[in-house]
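My notes follow the order in which I looked things up.

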Amino acid sequence: MSERDAQTAEARRQAGPKMTRTMVLVALGAFGFTFALVPMYRIACEKVFGIRLERGAGDAQAAGQAAPAAARLVTVQFDGSVNSKLPWDFKPHQLSMKVRPGEQYETTYYARNTTDRAIVGSASPSVAPARASGYFNKTECFCFTAQTLQAGESREMPVRFIVDPNLPADVHTITLSYTFFKNDVLTARLQQGPVAKTAPSPLAAP
């Protein structure tokens, strides 16, 4: 073999590994480009041309998890009763409503004193299930203060409330209940009327 042929063979031997590496890199680049075509195609269709492609099950599930809390609806039920010592009629005007967490709503209760004398009552609220009580916020309620109804008087009593958006996802129904009790102390004071004026002392000067 001549010296020139030997140099050519040596050059080919050295070029072999370089060519192999080059071919591997080209193959990897082609694979990566092909893999990137799918999201690029989706972006081009949806963002540039306004064409919405159908989503797979995984995409639909992810979209559902990312849905805003405002899209959720919770049923709030209303209930009302009176203690046996309180001769009042008391009930909610509506039995239930659908609400969106984070928004304020209002409902009303009806109360009537069925006796011929003034009575003071105090309402005790409760929320069920118990673990939802921390997520049910009353911004205005007749339960905050004692209520006085004159003989035969009736009254509309408003309640404003907000359901916290952080309410556990598995709680779909909340029940707001009120029980009215007779406030014996305030009722006794009310029925006694104003304190009579003290008669003047007989020793006082005319």
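**Salt bridges and sheets**

I began with Glu-106, which is partly exposed because its relative accessible area is 37%; buried means under 20%, exposed over 50%, and partly exposed in between (1.4 Å probe, protein chains only). Before going on I noted the ground rules: this is a predicted model, local features need pLDDT of at least 70, side-chain atom pairs count only at pLDDT 80 or more, and totals for chains, interfaces and linings use all residues. Residues are numbered from 1 along each chain as its sequence is written, and side-chain values use heavy atoms, with hydrogens and water left out.

Which residue does Glu-106 meet in a salt bridge? I found Arg-160, at 2.8 Å from N to O. A salt bridge here is a side-chain nitrogen of Lys or Arg within 4 Å of a carboxyl oxygen of Asp or Glu. The pair links distant parts of the chain, with Arg-160 in strand S8 and Glu-106 in strand S4, 54 residues apart. Helices (H or I, at least four residues) and strands (E, at least two) are DSSP runs, numbered from the N terminus.

Arg-160 also forms a salt bridge with Glu-140, and their closest N and O atoms are 2.0 Å apart. Glu-140 lies in strand S6, 20 residues from Arg-160 in strand S8. I wrote down Glu-106, Glu-140 and Arg-160 as a linked network of salt bridges. Arg-160 is partly exposed at 26% relative accessibility, and Glu-140 is partly exposed at 32%.

The whole structure has six salt bridges. One of them joins Arg-112 and Asp-89, at 3.0 Å from N to O. This pair also spans distant parts of the chain: Arg-112 is in strand S4 and Asp-89 in strand S2, 23 residues apart.

Next I looked up the sheet around these strands. Four strands form an open sheet in the order S2-S4-S8-S6, with antiparallel pairing. Two strands pair if DSSP finds at least two bridges between them. S2 (88–92) and S6 (136–141) are the edge strands, each pairing on one side only.

I counted nine bridges between S4 (residues 104–113) and S8 (residues 154–163). Five bridges join S2 to S4. Ala-111 has Arg-155 as its bridge partner in S8, and Phe-90 stands opposite Ala-111 in S4.

Where do the side chains of S4 point? They alternate: Tyr-105, Thr-107, Tyr-109, Ala-111 and Asn-113 point to one face and are buried.

Five strands make an open sheet in the order S3-S1-S9-S5-S7, with mixed pairing. Its edge strands are S3 (96–99) and S7 (147–149). S1 (residues 74–82) and S9 (residues 173–182) pair in the parallel sense over eight bridges. Phe-78 has Leu-176 as its bridge partner in S9.

A disulfide is a pair of cysteine sulfur atoms within 2.5 Å. Cys-141 and Cys-143 form it, with their sulfur atoms 2.4 Å apart. It is right-handed because the torsion about the S-S bond is about 130°. Cys-141 is buried at 6% relative accessibility, and Cys-143 is buried at 16%.
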